[in-house]
Amino acid sequence: MENTQDNKERRNRSRAEIPSLEELRGIAARKSLEPSNDVDLSMPEAWLNQYSLSPMFFTTKAYFIFTIALSSVVAWAVACWGYQIYNGMGVTNLRPPIFWGMYIATFVFWVGVSHSGTIVSSLLRLTKANWRRPVLRGAEAMTAFSLMVAGMFPLIHVGRVWRIYYMFPLPNQRFLWPNYRSPLAWDMMAISVYLTASMIFLYTGLLPDIALARDLCPRNNWRKKYLTILSLGWRGTHRQWHVYEKASTFLAVFVLLIAPSVHTIVSWDFAMSITPGWHTTIFGPYFVVGAIYSGVGGVITLMVILRWVFGLDQIIRIMHLYNLAKLELVMAILWAYFYFVEFITSWYAHNPVEWRIWVYQWERFPHLLLIMLGGTIFAIIALSFHKVRTSPGWLFCITILINVGMYIERYLIVVPVLTHRDNAYTWTDYVPSFVEASIAAGAIAYFLLLYAIFAKILPIVTVADIREGKIISGDVRIGNRVLRVHADVEEPL
Amino acid sequence: MKSFNSNTEYHKWAMVIDLDKCNGCGACTIACQAENNIAVVGEKMAREKRTMSWLRVERYFEGEWPELRVVFLPMPCQQCGKAPCEPVCPVFATYHNPDGLNAMVYNRCMGVRFCANNCPYGVRKFNWFNSKWEAPLEQQLNPDVSIREVGVMEKCTFCMQRIRRGKDKAKDEGRGVKDGEVVSACAQSCPTKAITFGYLDDPESKVAELSKSKRRHRLLEEHGLDPSVIYLKGGA
């Protein structure tokens, strides 16, 4: 009884002490907030709201410099693309027999990065892992944006982008349909289904938070209008929450089923061909595991960046990074196993054409292979240490290394196989041209830019989910005793 | 003689190349270039291996210097019966036509280049840039063959325009195509008569006869693609 009284008092007291939006500017920018590992039950809800929405409403000068820099990289890449469309694919360094190069490697990389966002988010939702809450939004947004980036690459890659509509099943007089036997047609459908589903998943999760932002947004703020429209009249009624819960559970299952199929189909772009080195049954699971490995790495990198840029270390705490790092360790071990299996089967079978590709890789790209293989081994060793798993700086470096390795991996899947085909007369070498490299760099900038803009126009923190977590981990009254529930509370590190 | 109606019956065009007769002069490449309006791309592009020739003569060296022997292998599109390039095209730009050939619809192609990746012979060519013919060279273009735009794939068609003309003529005269009536540009220009072209399913054709030779082989048969180009090598 006393305890509830206490709580009420505290709530009343803190309501008076809620900092205004202006005061929060300082708090959000300040990184020296004491990192707490325990659930901060004393954090009043209104304060939490303001704190979570602060990335949206307060913009530093550095943010503008950062976005302008990113936009100029994107603009340069767009100019390069325009140059390529105007002149033809000859501005790339592609040449027979290497018809797919850096663009396809970049495409596969970004599809891979997109994977973990929804998988992590939906898996954690379905398993009711309580620590998931602050991670969800960032991860889901990562999926949506990296898919948008990946979706650009088939357009950039084709010779006649102005004819791209031939791919779509548009009704026409001659009954000319896309060829559904082609893995590329499957690919287009898989990517568009995945993009649609993950956008809906992201948006559904956003609804209560958009409504909250709408309510807290000052009347004269330019965000008010679109927040009102996007919140679809969310009032937080009982029925709305009921529908919301049902929808997000359904979508979590749905997206979880789509995700592995998408990357399997991307791998089939290679595996369904008769090209030695690509034509292998291992590619489906190999790509899916690689995608999750690179995606979880991406989630960790972004979480560290969000903590650092927006000062969200009260929300995305060490514990969340720690748990994600554990997941990444498992994926790294699995991935190393796949490297081993892929190599040992080629070595044992010793198919001359396939083996020639391995030898060529070792001779031509020893430094890349060293980064790729060494990076994975290093990640496994480093992530085994508690100290590394709890250090944002370490995690940032390791996950960047992991994703550099994963990019190299995709590059080495595409390039050596094509330069060394069955017909030895056609063997050649390939180095990406300046245009190709610019566009690949532009893709990174485009992704970061989308993410940065997203953080300014929509809530990047899952406020509703975090508050839900707080409610179920509060004080519970049983009979005439009030107990603090620890069962559902995040474990302190 | 059994009447063979080439306009209605399914048939398979084939090419027999006798490697022992080939001296690597490259006349076939040039004839193909002229017949099919193939772009001449220049020295720089050729160094980058971006030549557009539909038929190339591959050179291989046997033995060590000074006992060195050069072997030539003319490589046109193999017109596979089970072509790997066809199923992977997402827009049906390359397909199997009733003549048993892998036809290319240039206007349908959007240049994803999967077909070229899936071709183990490496005979598919891509238009990296728009091709130009400086005046008066555009006057010598073959009116029967379309010019390909930037960004589309192209490859040897077995001189489809010649096949078409031969079949039309035979149809007008109410008969089937006679053996030797349709000749591809490469076969026509080969000075040593190493290349023979014709119907494989006409049992009395020269191609059918040569294809029964003990010296026959086809390239990369382990893929099981059933190519229509038959090579003869070894022995008399």
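Visitor: In what sense do strand S1 and S10 of chain B pair, and over how many bridges?

Guide: This is a predicted model. In it, strand S1 (residues 13–18) of chain B pairs with S10(B) in the parallel sense, over four bridges. One of the bridge partners in S10(B) is Tyr231(B), which partners Ile17(B). Leu232(B) is the bridge partner of Asp18(B).

Visitor: And how does strand S9 of chain B pair with S10(B)?

Guide: Strand S9 (residues 216–217) of chain B pairs with S10(B) in the antiparallel sense, over two bridges. The partner of His217(B) in S10(B) is Tyr231(B).

Visitor: What is the strand order in that sheet?

Guide: The order is S8-S1-S10-S9 in chain B, an open sheet of four strands with mixed pairing. Strand S8 (195–199) and S9 of chain B are at the edges with a single partner strand each, so one side of each has no neighbour in the sheet.

Visitor: Which way do the residues of S10(B) point?

Guide: Val229(B) and Tyr231(B) point one way, Ile230(B) and Leu232(B) the other, and all are buried.

Visitor: Changing topic. How many residues of chain B are in contact with chain A?

Guide: 33 residues of chain B are in contact with 34 residues of chain A. On the chain B side, helix H3 (85–88), helix H4 (114–117) and strand S6 (125–126) each supply at least two residues. H4(B) gives the most, with three residues. By class, the chain B side has 19 nonpolar, seven polar and seven charged residues.

Visitor: What does Asn118(B) touch?

Guide: Leaving out residues up to four places away in sequence, Asn118(B) touches Ser273(A), Ile274(A) and Thr275(A), and also Pro84(B), Cys85(B) and Val88(B). Asn118(B) is in the loop between H4 and S6 of chain B.

Visitor: Is Asn118(B) buried or exposed?

Guide: Asn118(B) is buried, because 23 other C-beta atoms lie within 10 Å and the cut-off for buried is 20 or more. The C-alpha atoms of Asn118(B) and Pro87(B) are separated by 9.8 Å, with the two residues 31 apart along the chain.

Visitor: What does chain A have in the way of helices and strands?

Guide: Chain A has 17 helices and two strands. Of its 493 residues, buried ones make up 43%. Among contacts in chain A with a separation of 6 or more, 82% come from residues 24 or more positions apart.

Visitor: At what angle do helix H5 and helix H6 of chain A pack?

Guide: Helix H5 (residues 102–126) and helix H6 (residues 133–157) of chain A pack at about 160 degrees, and their axes are 7 Å apart. That angle makes H5(A) roughly antiparallel to H6(A). The crossing of H5(A) past H6(A) is left-handed. The residues of this contact divide into 17 nonpolar, nine polar and one charged.

Visitor: What about helix H13 and helix H15 of chain A, at what angle do they cross?

Guide: Helix H13 (residues 366–383) and helix H15 (residues 392–419) of chain A cross at roughly 145 degrees, and their axes come within 8 Å. The crossing of H13(A) and H15(A) is left-handed. Residues of the contact include Leu368(A), Gly375(A) and Phe378(A) of H13(A), and Trp394(A), Gly405(A) and Glu409(A) of H15(A). By class, the contact of H13(A) with H15(A) has 14 nonpolar residues, three polar and one charged.

Visitor: Is Phe64(A) buried or exposed?

Guide: Phe64(A) is exposed, because 10 other C-beta atoms lie within 10 Å and the cut-off for exposed is 12 or fewer. Phe64(A) is in helix H4 (residues 61–87) of chain A. The C-alpha atoms of Phe64(A) and Ala452(A) are separated by 9.9 Å, although the residues are 388 apart along the chain.

Visitor: Back to chain B. Which peptide bonds are cis?

Guide: Among them are the bond from Trp65(B) to Pro66(B), with omega near 5 degrees, and the bond from Ala135(B) to Pro136(B), also with omega near 5 degrees. Pro66(B) is in the loop between strand S2 (56–62) and strand S3 (69–75) of chain B. Pro136(B) is in the loop between S6 and strand S7 (153–154) of chain B.

Visitor: What is phi at Cys159(B)?

Guide: Phi of Cys159(B) is positive, about 50 degrees, although Cys159(B) is not a glycine. Most residues other than glycine have a negative phi. Cys159(B) counts as buried, with 27 C-beta neighbours inside 10 Å.

Conventions
Residues numbered from 1 in each chain as written. Chains lettered and ligands numbered in written order. Predicted model: local features only at pLDDT ≥ 70, side-chain atom pairs only at ≥ 80, totals over all residues. Axes fitted to C-alpha atoms, helices over the stretch in contact; angles between N-to-C directions. Parallel < 35°, antiparallel > 145°, perpendicular 65-115°, else oblique. Left-handed = near helix turned anticlockwise from the far one by under 90°. Nonpolar A, V, L, I, M, F, W, Y, C, P; charged D, E, K, R; others polar. Contact = placed C-beta atoms within 7 Å. Pairing = 2+ DSSP bridges.
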